[in-house]
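Here are a few notes from my pass through the model. Have the backbone torsions and the helix packing open as you read.

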Amino acid sequence: VAAAQAATGIDRIWSYQEAGTFATTTRALLGEAAFADAWEVGQGIAWPDAVADALAVLDPAREAPTSQTSGRPADPFALTRREREVLDLLCQRLTDREIADRLFLSPRTVEHHVSNVLGKLEARNRREVAAIAARIGLI
């Protein structure tokens with residue numbers, strides 16, 4: 001863990017002891033299998049994306065930076081990067097559980113993101129969200 005922290009620069013944010021305490025607490029809360037799965041997924045997340053996700057969790061109103069290189073128009077609804085990912089999967093008619101599995105999130109977290117997307121697009125249901133997203137070019 002210490003080597004990974006030093007390689008990613010996390011040692012400048014947390015001490016090794018703080019990181020170890022956090023990992024131990026998280027492992028106890030999630031259970032060994034879920035922690036191992038989350039740890040493996042986390043190893044593949046780029047540092048800027050991990051920071052943006054953490055900031056979005058701490059302040060859901062905060063908009064995560066999005067890349068404008070995709071050729072898509074600017075998002076007039078101020079969806080976060082994670083909300084756009086959820087929207088894309090909603091438009092594929094996936095359930096909350098299926099979205100959670102694809103994004104390595106809990107179904108409750110996905111439910112929260114779906115609710116945010118519905119609210120921001122002022123849609124009453126998933127079908128309406130997909131229609132709005134298609135109409136304005138979000139998908």
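Is Phe104 buried or exposed? Point 2 has the reply, after a word on conventions.

1. Bear in mind that this is a predicted model, where local features need pLDDT of at least 70 and side-chain atom pairs count only at pLDDT 80 or more, while totals for chains, interfaces and linings use all residues. Residues are numbered from 1 along each chain as its sequence is written, and side-chain values use heavy atoms, with hydrogens and water left out.

2. Phe104 is exposed, with a relative accessible area of 59% (exposed means over 50%, using a 1.4 Å probe and protein chains only). Phe104 sits in the loop between α6 (96-103) and α7 (107-120); helices here are DSSP runs of H or I with at least four residues, numbered from the N terminus. Its phi is positive, near 60°. Most residues other than glycine have a negative phi.

3. Glu122 also isn't a glycine, yet its phi is positive at about 50°. You'll find Glu122 in the loop between α7 and α8 (126-136), and it is exposed too, at 69% relative accessibility.

4. Now the packing: the axes of α6 and α7 lie 8 Å apart at an angle of about 110° (lines fitted to C-alpha atoms over the stretch in contact, angles from 0 to 180 degrees between N-to-C directions). That makes α6 roughly perpendicular to α7, a label covering 65 to 115 degrees.

5. Who touches whom? Asp96, Arg97, Ile99 and Ala100 of α6 meet Pro107, Val110, Glu111 and Val114 of α7, where contact means heavy atoms within 4.5 Å.

How values were computed: Helix = DSSP H or I, 4+ residues; strand = E, 2+ residues; numbered from the N terminus. Buried < 20%, exposed > 50% of the residue type's maximum accessible area, 1.4 Å probe, protein only. Parallel < 35°, antiparallel > 145°, perpendicular 65-115°, else oblique.
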